[in-house]
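Take a look at the protein chain shown here. The report below walks through its fold, its cores and its charged pairs.

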Amino acid sequence: MRVVGQVEQNPFCRAVLARHWPEVPRHDDVRTAPAWWASQPRPRVDLVCGGSRASRSASPDAAWPRTTPVALGAMVEVIDAVQPEWVVWENVPGLRTRGLDIVHADLVRRGYQHRVGYATACAVGRPHVRRRLLGVAHADRIHGTPRLGTGQQTWPLQPSHRTTGPRVHRDHQDLAADTGAPGIADGLPAGLDVARVTALGNAVVPGITEHIGRLIVAAHHAHHGEAA
């Protein structure tokens, strides 16, 4: 799998992407990404992967603002523009009751099969839970053969066992507290700047997206009879 383009609004996060993928073109606004992508010859896009925005509203009974998930938003326009075979999206668990029906309808209306499940950081070896909702959508425009199954399978990224010993961190706010337990994340350094804290708070654990990516690549090779 090769990255051919990136869109990121946050300057700090764009700098991180530039460091790891210096050869990849990137843009700063998903709302204008279709026009940017069409402004010159580009390679074919087989997969669009992104996380839609979650707006924040103050909560008087919590130290941290609550997030209110929204639907795919401008990501739908990117999908329409490049028409990828695969779509992968991520959002907070609250989207399940506050917008998932819109996301599902948007993708199905465009000819995608769509499956949704939860993934957790501890399922890929991290010391905290960080439960997130992820969706995988596929549209086979050539053979018309379903590749996502019946939807009855167990999501592959659920924790295989319950953690014993020191507690697993519940959310990102727990990462700011020192647990004092060896082998468990000891929290964020006090001097960490706002840009890095924000980036960490918005990030998806890389092991989750890598796992999903490997599953998609394996499905592609199996379906088209190619060597992995």
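Asp 29 is buried, with a relative accessible area of 16%. Buried means under 20% relative accessible area, exposed over 50%, and partly exposed in between, using a 1.4 Å probe and protein chains only. Asp 29 forms a salt bridge with Arg 31, and their closest N and O atoms are 2.9 Å apart. A salt bridge here is a side-chain nitrogen of Lys or Arg within 4 Å of a carboxyl oxygen of Asp or Glu. Arg 31 counts as exposed, at 57% relative accessibility.

This is a predicted model: local features need pLDDT of at least 70, side-chain atom pairs count only at pLDDT 80 or more, and totals for chains, interfaces and linings use all residues. Residues are numbered from 1 along each chain as its sequence is written, and side-chain values use heavy atoms, with hydrogens and water left out.

## More salt bridges

By the rule above, the count comes to six salt bridges. Side chains of opposite charge can pair when their charged atoms come close.

| Pair | Closest N to O distance |
|---|---|
| Asp 29 and Arg 31 | 2.9 Å |
| Arg 109 and Asp 106 | 3.0 Å |

What does the pair of Arg 132 and Glu 90 tie together? Arg 132 lies in strand β8 and Glu 90 in strand β6, so the pair links parts that are 42 residues apart in sequence. Both Arg 132 and Glu 90 are buried.

Arg 109 and Asp 106 sit in helix α4, three residues apart, so about one helical turn separates them. Arg 109 is exposed, with a relative accessible area of 61%. Asp 106 counts as buried, at 14%.

## The overall fold

The protein chain has six helices and eight strands. Helices (H or I, at least four residues) and strands (E, at least two) are DSSP runs, numbered from the N terminus. From the N terminus on, the order is β-α-β-α-β-β-β-α-β-α-β-β-α-α.

Of the 228 residues in the protein chain, 33% are buried. Contact means heavy atoms within 4.5 Å. Among contacts with a separation of 6 or more, 61% join residues 24 or more positions apart. The protein chain exposes about 13900 Å², and carbon and sulfur atoms supply 54% of that area. Accessible areas come from the Shrake-Rupley method with a 1.4 Å probe; for residues, only the protein chains shown count as cover.

## Two nonpolar cores

In soluble globular proteins, nonpolar side chains tend to be buried together. A nonpolar core is a set of buried Ala, Val, Leu, Ile, Met, Phe, Trp, Tyr and Cys residues joined through side-chain atoms within 4.5 Å.

Which residues have the most contacts inside the largest core? They are Trp 89 and Leu 107, in a core of 23 residues. The elements that give two or more residues to this core are α2 (33-38), α3 (75-82), β6 (86-91), α4 (100-109) and β8 (132-138). The largest share, five residues, comes from α3. A second, separate core has ten residues, including Trp 86, Ala 119, Ala 121 and Val 136.

Trp 89 also has partners beyond four places in sequence, among them Gly 50, Leu 72, Met 75, Leu 107 and His 114.

## Helix α6

Helix α6 (residues 206-224) has 19 residues. From its first C-alpha to its last, α6 reaches 27 Å, close to the 27 Å expected at 1.5 Å a residue. That expected span is 1.5 Å times one less than the number of residues. The buried residues of α6 are Ile 208, Ile 212, Gly 213, Ile 216 and His 221. Their cover includes β3 (47-51), β6, β7 (113-119) and β8. Gly 225 follows α6 and has a positive phi, near 70°.

Most residues other than glycine have a negative phi, and most peptide bonds are trans. Gln 83 has a positive phi near 45°. Gln 83 lies in the loop between α3 and β6. Arg 130 is not a glycine either, yet its phi is positive, about 45°. Arg 130 lies in the loop between β7 and β8, and is buried at 10% relative accessible area.

## Where to be careful

pLDDT is the predictor's confidence in each residue, from 0 to 100. The protein chain averages 74, and 66% of the residues score at least 70. Over residues 55-69 the pLDDT is below 50, and this stretch has 26 contacts beyond near neighbours in sequence. Residues 142-147 also stay under 50. Where pLDDT is low, the predicted coordinates should not be read in detail.
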